[in-house]
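This briefing is meant to be read beside the sequence and the coordinates.

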Amino acid sequence: MSKIVSRRRFLIGSAAALGAVGLTGCDDVTQNQSVQKVLALAEGLTMRTQRLLVSPQTLAREYTDKDISPNFHPNGTTDPGSEEYAEMVANRFANWKLKVDGMVNQPMEFSLEDLKKLPSRTQITRHDCVEGWSAIGKWTGVPLGLILQSAGLKPGARYAVFYCADELEQTLDGSGRYYESIDLIDAFHPQTILAYSMNGKDLEVAHGAPLRLRVERHLGYKHAKYVMRIEIRDKFNDLWGGNGGFWEDRGYEWYAGI
Ligand SMILES: Nc1nc2c(c(=O)[nH]1)N[C@H]1C(S)=C(S)[C@@H](COP(=O)(O)O)O[C@H]1N2
Ligand SMILES: [Mo]
């Protein structure tokens with residue numbers, strides 16, 4: 001309990017430390033239930049404190065072309081490796097379609113060509129991975145808000161869940177599938193885009209081709225690569241480990257605000 005109280009004091013007392021909370025490794029943290037509870041509490045506080053102090057529409061810093069990192073390290077899955085995915089790569093994603101469904105008025109499908117015809121946003125931002133590296137890249141894609149607006153949200157919709165093509169951990173029960181989720185505030189944030197281009201070229205396989213999420217005020221693991229389907233939901237605790245993402249199910253925070 002005292003740990004929790006001091007954590008709370010620390011959080012309330014140090015607005016300057018926003019985002020510095022809870023950058024944890026995943027090995028022993030996942031084993032320790034009380035640590036998990038503190039992390040969960042800290043996360044709630046971090047989110048509420050941050051949401052109070054930072055307006056939902058605050059933009060992440062954007063950079064210029066000369067700031068772009070010459071080497072942007074691909075991380076996690078660098079090729080989903082399935083036969084299905086290999087076929088998609090072979091025909092340059094011509095038959096690939098992004099599915100948008102769940103709590104929407106109009107379930108939709110978009111080919112890569114469809115997405116490229118929609119209004120786009122280009123942003124040069126810094127990607128921060130929990131593993132301790134950062135890189136600046138230029139991303140072009142469709143604002144997620146546009147897609148959600150056109151599908152139309154049903155009452156009670158709260159989250160966008162991203163289903164990816166890769167299993168980061170090979171498991172028999174499918175629990176190694178990469179997935180992520182964000183709330184609708186982040187989904188409609190102007191810098192939240194479905195990117196099909198990086199540094200002026202089609203997104204490479206290593207960086208999540210054909211489509212990856214950029215959710216610029218969050219840590220790297222929220223930026224789902226190889227996005228195949230977006231489902232609008234009112235909850236995510238009934239999916240896989242119940243924590244809203246592959247890494248969240250392994251101890252990372254759901255609200256990875258920076
Ligand atoms: N589908 C999928 N998305 C993912 C990952 C992954 O392994 N699979 N890794 C995440 C992590 S931890 C980071 S830091 C970034 C890395 O993006 P990059 O490969 O473009 O550097 O992707 C994120 N999105
Ligand atoms: Mo990461």
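This is a predicted model: local features need pLDDT of at least 70, side-chain atom pairs count only at pLDDT 80 or more; totals for chains, interfaces and linings use all residues.

**Ligand site, cores and cysteines**

*Polar contacts and cover of the ligand*

- The side chain of lysine 225 places a polar atom 2.6 Å from an oxygen atom of ligand 1, and an N or O atom in the side chain of histidine 207 is 2.7 Å from an oxygen atom of the ligand.
- Asparagine 75 takes part through its backbone, a polar atom of which is 2.8 Å from an oxygen atom of ligand 1.
- Taken on its own, ligand 1 has 530 Å² of accessible area, and the protein covers 99% of it.

*Nonpolar cores*

- The largest nonpolar core holds 41 residues, among which Trp96, Leu98, Leu115, Leu144, Phe162, Leu194 and Ile230 touch the most other members.
- When neighbours within four places in sequence are left aside, leucine 115 is in contact with Trp96, Leu98, Phe110, Val142, Ile147, Tyr196 and Leu211.

*Cysteines*

- With a pair of cysteine sulfur atoms required to lie within 2.5 Å, the count of disulfides comes to 0.
- Cysteine 129 is buried, its relative accessible area being 12%, and cysteine 164 is likewise buried, with a value of 4%.

Methods
Residues are numbered from 1 along each chain as its sequence is written. Chains are lettered from A and ligands numbered from 1 in the order in which they are written. Side-chain values use heavy atoms; hydrogens and water are left out. Buried means under 20% relative accessible area, exposed over 50%, partly exposed in between (1.4 Å probe, protein chains only). A nonpolar core is a set of buried Ala, Val, Leu, Ile, Met, Phe, Trp, Tyr and Cys residues joined through side-chain atoms within 4.5 Å. Contact means heavy atoms within 4.5 Å. A polar contact is a pair of N or O atoms within 3.5 Å; within protein, one must be able to donate a hydrogen and the other to accept it, and residues adjacent in sequence count only if both atoms are side-chain atoms. Accessible areas come from the Shrake-Rupley method with a 1.4 Å probe; for residues, only the protein chains shown count as cover.
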